[in-house]
Amino acid sequence: MNSNIILKVEKGKKYSEFLDNNMKKNIIACKQNSIMHDLSDVCDTSGDAEFIDISSEEGLKILRHSTAHLLANAIVELYPDAKPNTSNEDNIIFYYDFDMSPISIDDFSPIEKKMEEIEKRNEPIEKIVLDKEGILEIFKNNPYKTDKINENVNDGEASSVYREGNYMEFCRGPHVPSTGFIKAFKLLSVSSTNYEGDINKQKMIRIYGTSFPEKKSLREFLLRREEAMKRDHRRIGHEMDLFIFDNERAPGFPFYTPNGAIIRNELINYMKELNEKNGWEDVWTPHIYRETIWRESGHYDKYKNDMFLFQLSNGDHYGLKPMNCPGHIAIFQRSVHSYREMPVKYSEAGTVYRYEKSGEMGGLTRPRAFTIDDGHGFLRPDQISEEVTSLLKTVPFIFNTIMGNSEISYDLSTMDKDHPENYLISYICFECNQKFEMRGASSELKCPNCGSIRLKEDFSMWDNATENLKNALNNLGLPYKEKPGDAAFYGPKIDVHIKDALDRLWQVSTIQLDFFMPINFDLSYIDADSKKVRPVILHRAIYGSYERFIAILLEHFNGKLPTWLSPVEAYIIPVSENYSDYAEYVHRELCKNHIRSKLDLSQNTISKKIKLIRGMRPSYIIVVGENEKNSGTISVRNRNDRTKSYNLNDFIDNLDREVRDHNIKQIF
RNA sequence: GCCAUUGUAGCUCAGUUGGCAGAGCAGCUGAUUUGUAAUCAGCAGGUCGGGGGAUCGAAACCCUCCAAUGGCUCCA
């Protein structure tokens, strides 16, 4: 990646005038006093300016933005009725939304050809400043652009439009100086969306693509993308015979086969070990409850349509649990708790059921039933910081152990105070001064005590919880991004993401503070001065869900799991029938030592057996014949196809240590 | 739920303008006794996702439902 260049610029000259011909090949824009400019802009103050290289982070963004416009240019040339709406780009991909008849990826080739043609023409991308009326006149046939102009330009003010050949774009810029800079692009996919994300508004066709400064990096990107596709956990899961989906009989519900159940159980057992160490007690709660509990918890209000609800013939209403917390709360409520026994911490591999809409499911990452390594801590307010801190220390330990040195990032999701209707919050009545908690559209809100609708929102509990999470992150020196509006309906949370071997980010752990369920369920503990006090609930999951985490592991390791998680730890092949006895002996010895061993006594050749078992990705393939039988050894082949001879007992000792220590690396 | 694409043997996939439903692998049987990514031969395997329709005739055309995939929306 080239870096940006700082140059001295003078007022009254164009930015491009400060570049020599060599620089003009890669410099595409300029930033002065934190404002981005096109190179054709005239400086309004003298001083230092940062010239943006096309391969810098900002440069790539400008390139992708410009490529989106090139796409729009090509689309309106090929489909004159298409009305461009707007584009966006992230760190790799861009998209552009059009009001047009549906197209498919089969239509991409002519569009890409047209884009190439415009690129070859090297059309200048020219900035034109016009007053609002002038701009509205240009886009009078495009209601989407008209909306945007009215939103962004005040009456009587001027703004920029860009000309690229015959194509005009209402945009703030900056762009690459001409289409010739857009040398390596590819359209990737097409989907539909609605204008302004509103399902009731006009349908739009969204076309995705990417763009790079040169062909080589585009090729690398496409290769990585293909590799990611090959690593799809659904494909690997099938090859390793881990799970199935029965699409006719239980759409969206995973079935674990014996191999898959081994992985799942190993992960559950490991979590149990860690929970015990950290004072989380295992519980078990039912999967079905009367709907009353979901009304108490507030889930019914917000998630009724996403729950599996049913009615018995006697008229009773029941629902499958969409979350585990009410079950854990019910257990907490079985007795009176002293402040001395706090915190009370329950954990469970708890399966929850959510009616995901048909188009929203995807393999193990988004099923309709999944099992959370769920935990609920009932805390005194003074214990919040210690518990959150302890969890934030456990999280990296676990992911480093299981996945290797993984990059971990943290988000702090807070409430959006402009949309209080999305959350449980407290209100204070202006009339009678009563304080109460509620969620709902503001028009329906009234004081439960006096019926007044003159209410004031009280955010103090939310602010307090958010502060607590922030402090824990700060005290451990963990950098985090704040995500306003992403909080759960009952409280703020910390979300943890890990990067996998292909540099993809996955959300895993979540740590949430909740001051509202304790109110809904009227929870309390007895204080030192015998008064009832409200506990705080801490919701936490570390893996997230077993389904999702297994999917992440399969894609991260390309199915070649660490041995302790591997369904087949040893696969034994005798060279011929003559050595079946010795192979059986080896197999028995491994089994005796709790090693998951499989013995292949079929008639096939060794080569064929290895070929056929490769998809299963056994940790070790063991071949035994004359030599091994005579010397009490085995010939071992590891996951990377290296072979080594081992004394049987040495192999067992080594393997035992590898598994016990949860090693990622094999014994050789 | 919305848009696009797709659904043929356990798996991967052919099947042309509508004219007898195919292959490879896996499975079974037999031969072969094998030294690290496919030994040979034979056999068996199908409501062509479900339902409806136009046609002398449909896996193919039309309608409808179900499901999957890629996105959108959503994800407590």
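Author: Let's start with a charge and a ring. Arg64 lies over the face of Phe212, with 4.7 Å to the ring centre. A charge counts as over a ring if NZ of Lys or CZ of Arg is within 6 Å of the ring centre and within 35 degrees of the ring normal.

Reader: Which ring does Arg540 lie over?
Author: Arg540 sits over the face of Trp280, at 4.6 Å from the ring centre.

Reader: Where do these values come from?
Author: This is a predicted model, where local features need pLDDT of at least 70 and side-chain atom pairs count only at pLDDT 80 or more, while totals for chains, interfaces and linings use all residues. Residues are numbered from 1 along each chain as its sequence is written, chains are lettered from A and ligands numbered from 1 in the order in which they are written, and side-chain values use heavy atoms, with hydrogens and water left out.

Reader: OK. How many helices and strands are in chain A?
Author: Chain A has 18 helices and 34 strands. Both are DSSP runs, numbered from the N terminus: helices are H or I with at least four residues, strands are E with at least two. The C-alpha trace of chain A spans about 85 × 80 × 55 Å along its principal axes.

Reader: What share of chain A is buried?
Author: Of its 668 residues, 51% are buried. Buried means under 20% relative accessible area, exposed over 50%, and partly exposed in between, with a 1.4 Å probe and protein chains only.

Reader: What is the domain assignment?
Author: It gives domain 1 (5-53), domain 2 (57-229), domain 3 (254-417 + 459-556), domain 4 (418-458) and domain 5 (563-660). The bounds come from an automatic or database domain assignment.

Reader: How many residues do domain 3 and domain 4 each put into their contact?
Author: Domain 3 gives 18 residues and domain 4 gives 13. Contact means heavy atoms within 4.5 Å. The centres of the two domains, taken over C-alpha atoms, are 27 Å apart.

Reader: What about the inside? How many residues are in the largest nonpolar core?
Author: The largest nonpolar core has 90 residues. Such a core is a set of buried Ala, Val, Leu, Ile, Met, Phe, Trp, Tyr and Cys residues joined through side-chain atoms within 4.5 Å. Helix α11 (residues 384-403) gives the largest share, nine residues.

Reader: Why does this core lie between domain 3 and domain 4?
Author: Both domains give residues to this core, so it lies between them.

Reader: Which residues have the most contacts inside it?
Author: Leu267, Ile402 and Phe549. Leaving out residues up to four places away in sequence, Leu267 touches Ile402, Tyr543, Tyr546, Phe549, Ile550, Leu553, Trp564 and Leu565.

Reader: I see lots of rings there. Which ones form a cluster?
Author: Ring pairs link Phe399, Tyr543, Tyr546 and Phe549 into a cluster. Rings of Phe, Tyr and Trp (its six-membered ring) pair if their centres lie within 6.5 Å; planes under 30 degrees apart count as stacked, over 60 as edge-to-face and the rest as tilted. The whole structure holds 25 aromatic pairs.

Reader: Why is the pair of Tyr303 and Phe489 tilted?
Author: Their ring centres are 5.9 Å apart and their planes are at 55°, so the pair is tilted. Tyr303 lies in helix α9 (residues 299-303) and Phe489 in the loop between β24 (480-484) and β25 (493-499), so the pair ties together parts 186 residues apart in sequence.

Reader: Are those two buried or exposed?
Author: Tyr303 is partly exposed, at 30% relative accessible area. Phe489 is buried, at 5%.

Reader: New topic. Where is the cis peptide bond?
Author: It joins Met342 and Pro343, with omega about 0°. Pro343 is in the loop between α10 (325-332) and β18 (344-353). Most residues other than glycine have a negative phi, and most peptide bonds are trans.

Reader: What is the phi of Asn33?
Author: Positive, about 50°, although Asn33 is not a glycine. Asn33 is in the loop between β2 (27-32) and β3 (35-38). At 58% relative accessible area, Asn33 is exposed.

Reader: And what is the phi of Ser34?
Author: Also positive, about 60°. Ser34 is exposed, with 69% relative accessibility.
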